Amino acid sequence: MDSRPPNLLLLLTGLLHLSPLARGQGSYIIDAVGLTVLPSSTVESGTPVTIHCRVTVSSENLPNLTHTFQLRKDDLPIHSTITTEDTVVYKLDPARAADSGSYECQVTVKDKSKKSFSEKLEVRGLQTPVLYLSKRTLYKGDDFMATCSAPDEKGSLSFRFFQRYGKEEPQRMKQVAATGNTSETTLVLRHVGDYFLFCAYEINLDSGTRHSNSSTEIQVIVTELQISPIMNVLPSPNVYEGDIIEVVCKVVNSLQDVSVFLTRDRRILKEARVSLSHRFRAQEGDSGELVCKAEWGNVQRETYQEITVKELFSKPSLILEPLFIFEGERLKLTCSVTVYVPERINNKAMVFSIYRDKVEVARSQTYTSVANASTNGNYTCKALSSSLAHSFVKESPRLVVKAKVLVSKPVLSVVGGTLVLGTPFQLLCHSDIGTLPIKYTLHGLGKVIGDQLVSRPGQQALFNPPAIFKRLDLNNFICHARNSPSHPPVVGSVQQLFDSTNVIEPVSKPMFLIDPGMGDVSEGQELTLTCSVQRGTPPITFTWYHAETAGVLASEISNKQEESYFIRNVMREHKGEYYCESTNPANETKRSYPVSIKVKLARWKKGLIAGLCIVLVLALVLIVALKTRLLVCGRKRTGDLSVKSAGTKLERLSLTQAEVNQAANVTPGIMGKSVWSEHVSGSESDDQISEPAPSPQYTEVSIGEADPNRAPVKKGTDTVYSEVRNSMQGVPDPTDGQGSVEYADLNHDTDRHVNHGVQDDHMDRPVLHGPVDEPVQHSPVDGPVQHGPVDGPVQHGPVDGPVHHHQVDRPVSVDASTADQGE
């Protein structure tokens, strides 16, 4: 039996039906987009063409979907529409060549879009153009309007116009840029005859350039326009000045709108319709070519006539005497003419007038005056003459009269005002007054140095004389100035140049002196460095340098020829080479020879060093003497060392390893000697005690006299062993065969044995050294224990300081492997 509620199945079914509504929108998909070109993809020009775009969309619960169609040609949009229909039709009626291309359709539904496959359309053929002319009967040179059009074509068209003259090959007349499907332009035919005109066009497509057929030819007839003018000059083209000339210019034809012009030197003299007449009195400047020109529309015809006007007398000329006039001199102006036709001109009846600045100054052929500023000006003259038919006046060209001014006394100066002796310089010669051109001549040093001609304003007379080495040589230069060949040259003043020139003498090589002399100076003294020159114009700049120091020590500007630099407290760093430099406004630096300075120690430093040396010598002597004394005393005390006789009762004294280690920690003895040896330092003992000690060995010792050469020595029944075996870093002596040395009980001298007032305890009986069961305690001592002479080397156990010996009842064992090396 089903345990679920009976309505659960119904609930699930309802949710399934309501799920699209719960989502709020339906689903869709663009299945396909198709493009069709009808009637076909290749058609002739003028054929109607339709382009169909169809879309298929699958959807759920989305009725009436909106479709956005976009039609493209060669990737450029040409048509767009929004519709609920699934098909859009685009018409090309009629189709033209410009419609050729690749078409595709794109459909967008909401946020989805899809494109169709592209389809190509090729429209074959172009429309035949039509030519229209504004005139078909023309005059030669006349222009007219031509229009070529292809009204049914699309796109940008480029039109060309052609002409065919007679049986010649067609020639292109003009090409007009693309402006649409119609082009209008102006054409001109230059020859008389029959022409045939036609036009064509071309269009640029992605597939290439296409050319149209030619239009129908139109015949154009070009005739000659009879408007060539006729020109007559009366009474003759060759006349005399003063005669009346009449010029007639006209066109003989039936045209009434022809214009006639009379020109000379591109200047219109008169203008009229069809014909004209021009009268004028001939003058000397009227000779030349007359032009009669007829114009109808753009057509022009011309006729030329040369006329000559002869002069009866020449144009007057004004002559100045003398040619170069200076102020104060007498001037004369003369007005003259030349008569060419004396039979028509009476020279005696001619009247002359002379003018200055257009104001008459004389009614005669000549004018005289004294030249000055008031007579300067622009002069002209006029000649009045009367012929049989006419009276007229001629004027001369303008003559500028300006009296020249004699040059003033020249002034000679040095360029810049400053002269440095021994260096090149320039001299300027100048006059404040004088009419140009002026010739300047410089004399000096017994010869002519040069000439300079000043002919324009702003120009200067500059001379480059040789260098001078003395100030008084300036008196040898003299300048001459001259601007008139009839006047002597003007000489300048000599003293003026001498007074106006700032003469600078360069400094000589400086001398460098030091005080104290010889270049030796002690520390703490004062050192004077003196720099001096024998010659030189002040102010002089002195500069001191130290070769071992970068930069300038000191610099001083002085009006004297000597200056000093002081070093108040000389120190060791002041030693080395010194030199000085000198310069002045001549800007020429001179350097002295270097001087070397040695700095000695101060006297108190020398005394201090001498005293220290003496103290060091005395200390050294004292140390040597003390060391020698100590060595002698040590040897003497060693010789006094004795061994007491052993008693009947022998006791063995044994030093265990622990006792040896305890003895090593005792305070060191004097001069680094241990209680056992004078020649082994505490450092050596420290190294040696680190090694383990071998088992102690025992030897019986008999007391007797010590023999420094051999051991043992027999004395009575006792045998004395004083031999001390050396052990190198704990290695057993090969002659011994054992690792220890046995010692007899020694009789020590308390007065010679212990330093610093310390005594050893005496042992009254001989002691046999051997192992003991417990260590023997030693009392510390303040100094080393000195031993008397023995028969042989004695081995000592390692200790760090002096040890007091006590009388013991037990034998003591000393480890020879760690003992210090004896003398």
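**Entry 1. Conventions**

I class a residue as buried under 20% relative accessible area, as exposed over 50%, and as partly exposed in between, using a 1.4 Å probe and protein chains only. I note that this is a predicted model, in which local features need pLDDT of at least 70 and side-chain atom pairs count only at pLDDT 80 or more, while totals for chains, interfaces and linings use all residues. Residues are numbered from 1 along each chain as its sequence is written, and side-chain values use heavy atoms, with hydrogens and water left out.

**Entry 2. An open sheet**

I looked up the sheet order and found β10-β12-β15, three strands in an open sheet with antiparallel pairing. The strands are DSSP runs (E, at least two residues; helices are H or I, at least four), numbered from the N terminus, and two strands pair if DSSP finds at least two bridges between them. β10 (130-133) and β15 (182-188) are the edge strands, each pairing on one side only. On average, neighbouring strands here are turned by 20° against each other, direction ignored; the axes are lines fitted to C-alpha atoms (for helices, over the stretch in contact), and angles run from 0 to 180 degrees between N-to-C directions.

I then followed β12 (residues 143-149), which pairs with β15 in the antiparallel sense over seven bridges. Within that pairing, S149 has T182 of β15 as its bridge partner.

**Entry 3. The largest nonpolar core**

Which residues touch the most other members of the largest nonpolar core? I find L131, L133, F144, F161, L189, L197 and V220, out of 25 residues. Such a core is a set of buried Ala, Val, Leu, Ile, Met, Phe, Trp, Tyr and Cys residues joined through side-chain atoms within 4.5 Å. At least two of its residues come from each of β10, β12, β13 (157-165), β16 (193-205) and β18 (218-223). β16 gives the largest share, six residues.

I listed the surroundings of L131, with contact meaning heavy atoms within 4.5 Å. Beyond its neighbours within four places in sequence, L131 is in contact with A146, T147, F161, L197, F198, C199, S215, T216 and I218.

I located E241 in the loop between β20 (238-240) and β21 (244-250). Is E241 buried or exposed? E241 counts as buried because its relative accessible area is 3%. Residues up to four places away in sequence aside, E241 touches A282, Q283, E284, V309, K310, E311, L312, F313, F392 and K394. The side chains of E241 and K394 are joined by a polar contact of 2.9 Å. I take a polar contact as a pair of N or O atoms within 3.5 Å; within protein, one must be able to donate a hydrogen and the other to accept it, and residues adjacent in sequence count only if both atoms are side-chain atoms.

I next checked salt bridges, each a side-chain nitrogen of Lys or Arg within 4 Å of a carboxyl oxygen of Asp or Glu. The count by this rule is 22. K394 forms one with E311, with the closest N and O atoms 3.2 Å apart. The two lie in distant parts of the chain, 83 residues apart: K394 is in strand β33 (residues 391-395) and E311 in the loop between β26 and β27 (317-321). K394 is buried at 4% relative accessible area, whereas E311 is partly exposed at 24%. Salt bridges with shared partners join E241, E284, E311 and K394 into one network.

**Entry 4. Further salt bridges**

I recorded a salt bridge between the side chains of E224 and R301 at 3.0 Å, N to O. This pair also links distant parts of the chain, 77 residues apart, with E224 in the loop between β18 and β19 (230-234) and R301 in strand β26 (residues 299-310). E224 is partly exposed at 29% relative accessibility, and R301 is buried at 14%.

K73 and D74 meet through their side chains at 3.4 Å, N to O, in another salt bridge. K73 counts as buried because its relative accessibility is 17%, while D74 is partly exposed at 28%.

**Entry 5. Backbone checks**

I noted that D74, in the loop between β4 and β5 (76-83), has a positive phi near 55° although it is not glycine. N61 has a phi near 60°, likewise positive in a non-glycine residue. N61 sits in the loop between β3 (49-60) and β4 (67-73) and is partly exposed at 49% relative accessible area.

I also found a cis peptide bond from L436 to P437, with omega near 0°; P437 lies in the loop between β37 (427-430) and β38 (438-444). P538 and P539 are joined by a cis peptide bond with omega about 0°, and P539 is in the loop between β46 (527-532) and β47 (540-546).
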